[in-house]
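Here's a quick briefing for anyone opening this one up for the first time.

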Amino acid sequence: MVRKIIKIDEDKCIGCGLCANACHEGAIEMVDGKAKLVRENFCDGFGDCLPSCPTGAITFEEREAPEYDEAAVNKAKELKSCPDGHHESHTGGCPGSRFMKFEKKEEPKENSSATLADRFVSHPSRLEQWPCQIKLLPTTGDFYKGAKLLIAADCTAYAYANMHEDFMKGKITMIGCPKLDEGDYTEKLTKIISGNDIASVTIVRMEVPCCGGLQRAAENAIRNSGKFLPWQVVTISRNGEVIE
């Protein structure tokens, strides 16, 4: 039959997996790092996946396609459900790459006599979003609007004890390791800074030489964006002290 169905532009797809998460029917899956409409009879044509795509890679088209099969969709959901029957599994891509924006609550005042469990509650995470790896983050999104970016080397959070309060609080955290990760971050960071309303950039690195790659990538991205942003570089020593 001829009906309305989604179309995915592979050239625009960045492989973030957000559309696969938004597709409750399971019509979309991640294949070789790209979103694919793998089950045409699972696509209901409502387009829940469209608003989730940060690059506009998904559109509607009218063409010949199998009729929407609600019974098959429901059966597939049952098969993918967890053993306890209460939670559905991730519908596409890596579950760890699914984007999440966290709402932070004001923490209670610290009580020196509190138990360990209570202290966990009184020292909440300041991570504002997931994922936080530079390579996994999309290049555009509403969460970047007016955002203060923290571009940090992986090891800084382990070396500097108060990383969450002093650096991560109120920022979009982006982490990476120029020594262990393949490729250069410059292009990705340039797209993020140039394509969004970024308020400021803070770069936190370790004193070790390999961290210079992260700093150079961030500085080059700011320069390549053509924007005049407030930015700073903070260097952490190997014993966890701020030395710059």
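Let's start in the loop that runs between β2 (28-31) and β3 (34-37), which is where Asp-32 lies. Keep in mind that this is a predicted model. The phi of Asp-32 is near 55°, a positive value in a residue that isn't glycine. Asp-32 also counts as exposed, because its relative accessibility is 79%, over the 50% cut-off.

**A cis peptide bond**
- Trp-130 and Pro-131 are joined by a cis peptide bond, with omega at about 5°.
- Pro-131 belongs to the loop between β6 (129-130) and β7 (147-153).

**A buried threonine**
- Thr-173 is part of strand β8, which covers residues 172-176.
- Leaving out residues up to four places away in sequence, Thr-173 touches Leu-127, Gln-129, Cys-132, Leu-137, Leu-150 and Met-168.

**Rings and a charge**
- Searching the whole structure turns up two aromatic pairs.
- Take Phe-143 and Tyr-144: their ring centres sit 4.1 Å apart and their planes meet at 35°, so this pair is tilted.
- Both Phe-143 and Tyr-144 are buried.
- Over at Phe-60, Lys-4 lies over the face of the ring, 4.5 Å from the ring centre.

- How many cavities of 30 Å³ or more does a search of the whole structure find? There are three.
- The largest cavity has a volume of about 100 Å³.
- That largest cavity is lined by 15 residues, and the closest to its centre are Cys-23, Glu-25, Asp-44, Asp-48 and Cys-49.
- By class, the lining of the largest cavity splits into nine nonpolar, three polar and three charged residues.

**Open space: the largest pocket**
- The largest pocket comes in at a volume of about 300 Å³.
- Which residues lie nearest the centre of the largest pocket? Out of 16 lining residues, they are Ile-14, Lys-135, Leu-137, Thr-139 and Lys-188.
- The lining of the largest pocket is made up of six nonpolar, four polar and six charged residues.
- Leu-137 is a name to remember, as it turns up in the lining of this pocket and among the residues that Thr-173 touches.

Terms used
Residues numbered from 1 in each chain as written. Predicted model: local features only at pLDDT ≥ 70, side-chain atom pairs only at ≥ 80, totals over all residues. Heavy atoms only, no water. 1 Å grid on protein atoms, 1.4 Å probe; cavity = no way out; pocket = protein on both sides within 12 Å on 5 of 7 lines; lining within 4 Å. Points joined across faces, edges and corners; volume = space filled by probe spheres on them. Nonpolar A, V, L, I, M, F, W, Y, C, P; charged D, E, K, R; others polar. Helix = DSSP H or I, 4+ residues; strand = E, 2+ residues; numbered from the N terminus. Contact = heavy atoms within 4.5 Å. Buried < 20%, exposed > 50% of the residue type's maximum accessible area, 1.4 Å probe, protein only. Phe/Tyr/Trp six-rings, centres within 6.5 Å; stacked < 30°, edge-to-face > 60°. Lys NZ or Arg CZ within 6 Å of the ring centre and 35° of its normal.
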